[in-house]
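Trainee: I would like to learn how to read a few features in a model. Where do we start?

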Amino acid sequence: MKHLKLTRTEHDMVRSQFEVLEAETNKIIGSANYPMNRPKWCSTVSLRIRDKVYTLKGHGPCADLDVSGDDLSGQMHTAKLGDVIEYSTENVVRATIDGQEYTMYVVGKGRAGQFLCIYREIMNGDVEIAQVHKPRVVNVLDEYELLALDDKASVIALLFALFYDYLIDEMLMTKVTKAKSFKFNHTFNRKLKSKYDPHFGEGA
């Protein structure tokens, strides 16, 4: 089981930057960034993990971004209304990577924060490959904590988290301050709630 952190280290009117760390040691193993001064649909999100580079790149005024990297490729997009689960596009993100289908479900747990639950489709359903936790404390230096089954799952989870942060998280549009705010998101849809497994990663 891979245990990582994605931590925003800088955020201004030009760029938002992150570090990727091993959770147990706080050793920096990568970085990520995206521009703040360009339309999101024509910008590029960059992720570097050790000696490998990955990008999310938009090409038009929609939420679809191409995924590319040294060892994977595909596309990521928010689900259409009625697609996957009959709720808003903020709750579901889909990706096709190396011909495999993945879905991220955003589940709000109130004071516990938000959980980005990432599943890979299999023949008879789906299986959870990663879970990303975003605490309820919100500021421009947000931190995401990630559990993933293996190295590829951790890269896919990082790309999903960056996609979420880049295109969905409204706090990125706020002015940079040192203040903290508290945001409580609750998910009530039963199908969506069922995608959160509180025991994911235990015993691994």
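Mentor: Start with the naming of elements. Helices and strands are DSSP runs, numbered from the N terminus. This is a predicted model. The protein has two helices and 14 strands. With that numbering, Lys-195 falls in the segment after α2 (190-193).

Trainee: Is Lys-195 buried or exposed?

Mentor: Buried means under 20% relative accessible area. Lys-195 has 16% relative accessibility, so Lys-195 counts as buried. Across the protein, 45% of the 204 residues count as buried.

Trainee: Which residues does Lys-195 touch, leaving out those up to four places away in sequence?

Mentor: The list is Tyr-105, Cys-117, Tyr-119, Asp-126 and Glu-128. Take Asp-126 from that list. Its side chain makes a polar contact with the side chain of Lys-195, at 2.9 Å. Now take Tyr-119. The charged end of Lys-195 sits over the ring of Tyr-119, 4.7 Å from the ring centre.

Trainee: Which strands hold Phe-18 and Tyr-34?

Mentor: Phe-18 lies in β2 (residues 15-22) and Tyr-34 in β3 (residues 28-35), so the pair ties together parts 16 residues apart in sequence. Both ends are buried: Phe-18 has 2% relative accessibility, and Tyr-34 has a relative accessible area of 0%.

Trainee: What are the distance and angle for the rings of Phe-115 and Tyr-196?

Mentor: Their centres are 4.5 Å apart and their planes are at 40 degrees, so this pair is tilted. The pair links distant parts of the chain, 81 residues apart. Phe-115 is in strand β10 (residues 114-122), while Tyr-196 is in the segment after α2. Phe-115 is buried at 8% relative accessibility. Tyr-196 is buried too, at 19%.

Trainee: What share of the contacts with a separation of 6 or more comes from residues 24 or more positions apart?

Mentor: Those residues account for 42% of such contacts in the protein. Close with the surface. The accessible surface is about 10300 Å², and 51% of that area belongs to carbon and sulfur atoms.

Methods: Residues are numbered from 1 along each chain as its sequence is written. This is a predicted model: local features need pLDDT of at least 70, side-chain atom pairs count only at pLDDT 80 or more; totals for chains, interfaces and linings use all residues. Side-chain values use heavy atoms; hydrogens and water are left out. Helices (H or I, at least four residues) and strands (E, at least two) are DSSP runs, numbered from the N terminus. Buried means under 20% relative accessible area, exposed over 50%, partly exposed in between (1.4 Å probe, protein chains only). Contact means heavy atoms within 4.5 Å. Accessible areas come from the Shrake-Rupley method with a 1.4 Å probe; for residues, only the protein chains shown count as cover. A polar contact is a pair of N or O atoms within 3.5 Å; within protein, one must be able to donate a hydrogen and the other to accept it, and residues adjacent in sequence count only if both atoms are side-chain atoms. Rings of Phe, Tyr and Trp (its six-membered ring) pair if their centres lie within 6.5 Å; planes under 30 degrees apart count as stacked, over 60 as edge-to-face and the rest as tilted. A charge sits over a ring if NZ of Lys or CZ of Arg is within 6 Å of the ring centre and within 35 degrees of the ring normal.
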